[in-house]
Amino acid sequence: MKAWLYYRLSRDEDEEMNSLYNQRQILVDYAEQQGYEIVGESSDDNVSGMTFERKGIAELENAVDEGKVDVVLVKDLSRLGRHRTQTALFIDHLRENNVRVYSVTEGIDSFNDNDDLLIGMKQIINDFYAKDIGKKIKTGIRQKQKTGLVVNLPMGYYKDRNINEILIDEVAVKSSNVHQNEDKSLDVKLEFNGDFEDSVAVYVDGESA
């Protein structure tokens, strides 16, 4: 059987526990145990499972369209995707091309009718998890903003994590449309249709943030 390995890591996950290396090793070990021929593999790093606009998924789709794949191996179904509807549609697309999805750690096979209910439940859980994490991240950002912490720095500034201070990025200032004033504020020129028609003064307190 011709197997394709797919693994994904999201920005909000424990990288040590769920690293791409660990995922890949789990899939390789399983393929070897089953005597599968690994015909290809793809991955997505730091990409949310709520979207299917991913390079690794596109590579997998191309291989499926070319008839190179019999089974797609994933560590668990959340690696394939967390969006309930899009993940279900993608699994159906693979079925139509006679390609099964097998979740190695969950023992779920998309060709097994008895697993259909379990797949649906997993998709609901994965979808909820992603949306819940998104809400928590937004709440955290809002709380930081309320307490005066800078979440997104203006052009020309960066945060030095060693000293926990916001500093002027001298390289960015020299290479962009930014002019540093004596009071440490920055004038950022705005470009409209190729002409510099206006500027905005930006100032960030240099104290800890």
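This is a guided tour of one predicted model, stop by stop.

**Before you start**

Residue numbers start from 1 along each chain as its sequence is written. In this predicted model, local features need pLDDT of at least 70, side-chain atom pairs count only at pLDDT 80 or more, totals for chains, interfaces and linings use all residues, and side-chain values use heavy atoms, with hydrogens and water left out.

**Stop 1: the whole protein**

Show everything as cartoon. The protein has 6 helices and 10 strands. Both are DSSP runs numbered from the N terminus: H or I of at least four residues for helices, E of at least two for strands. Of the 209 residues, 35% count as buried. Buried means under 20% relative accessible area, exposed means over 50%, and partly exposed lies in between (1.4 Å probe, protein chains only).

Now consider contacts, meaning heavy atoms within 4.5 Å. Among those between residues at least 6 apart in sequence, 59% join residues at least 24 apart.

**Stop 2: the open sheet**

Select S1 to S5. These 5 strands form an open sheet in the order S2-S1-S3-S4-S5, with mixed pairing. The edge strands are S2 (37–45) and S5 (108–109), each pairing on one side only. Two strands pair if DSSP finds at least two bridges between them.

Zoom in on S3. S1 and S3 pair in the parallel sense over 3 bridges. Within this pairing, Trp-4 has Val-72 as its bridge partner in S3. On to S4: 4 bridges join S3 (residues 71–74) to S4 (residues 100–103), and these strands run parallel.

**Stop 3: Val-71 and strand S3**

Show side chains on S3. Val-71 and Leu-73 point one way, Val-72 and Val-74 the other, and all are buried.

Centre on Val-71, which sits in S3. Its relative accessible area is 1%, so Val-71 counts as buried. Its bridge partner in S4 is Arg-100. Leaving aside neighbours within four places in sequence, Val-71 contacts Met-1, Lys-2, Ala-3, Trp-4, Tyr-36, Val-99, Arg-100 and Tyr-102.

**Stop 4: helix H2**

Select residues 55–65. The buried residues of H2 are Gly-56, Ile-57, Leu-60, Ala-63 and Val-64. They cover an arc of only 120° around the axis, which puts them on the same side of H2. The arc is that of the directions from the helix axis to the C-beta atoms. An α-helix has 3.6 residues a turn, so residues three or four places apart point the same way.

What covers the buried residues of H2? The cover includes S1, S2, S3, H3 (77–80) and H4 (84–96). On the other side of H2, Lys-55 and Asp-65 are exposed.

Pick Glu-59, also in H2. Glu-59 is partly exposed, with a relative accessible area of 31%. It touches Trp-4, Glu-41 and Ser-42, not counting residues up to four places away in sequence. Just after H2, Gly-67 takes a positive phi of about 75°.

**Stop 5: the nonpolar cores**

A nonpolar core is a set of buried Ala, Val, Leu, Ile, Met, Phe, Trp, Tyr and Cys residues joined through side-chain atoms within 4.5 Å. The largest has 19 residues; Tyr-6, Val-69, Val-72, Leu-80, Phe-90, Leu-94 and Val-101 touch the most other members. S1, H2, S3, H3 and H4 each supply at least two residues of this core. H2 gives the most, with 4 residues.

Apart from this core lies another, of 13 residues, among them Leu-27, Ala-31, Val-71 and Val-104.

Finish on Val-69. Not counting residues up to four places away in sequence, Val-69 touches Lys-2, Trp-4, Ala-63, Val-64 and Val-99.
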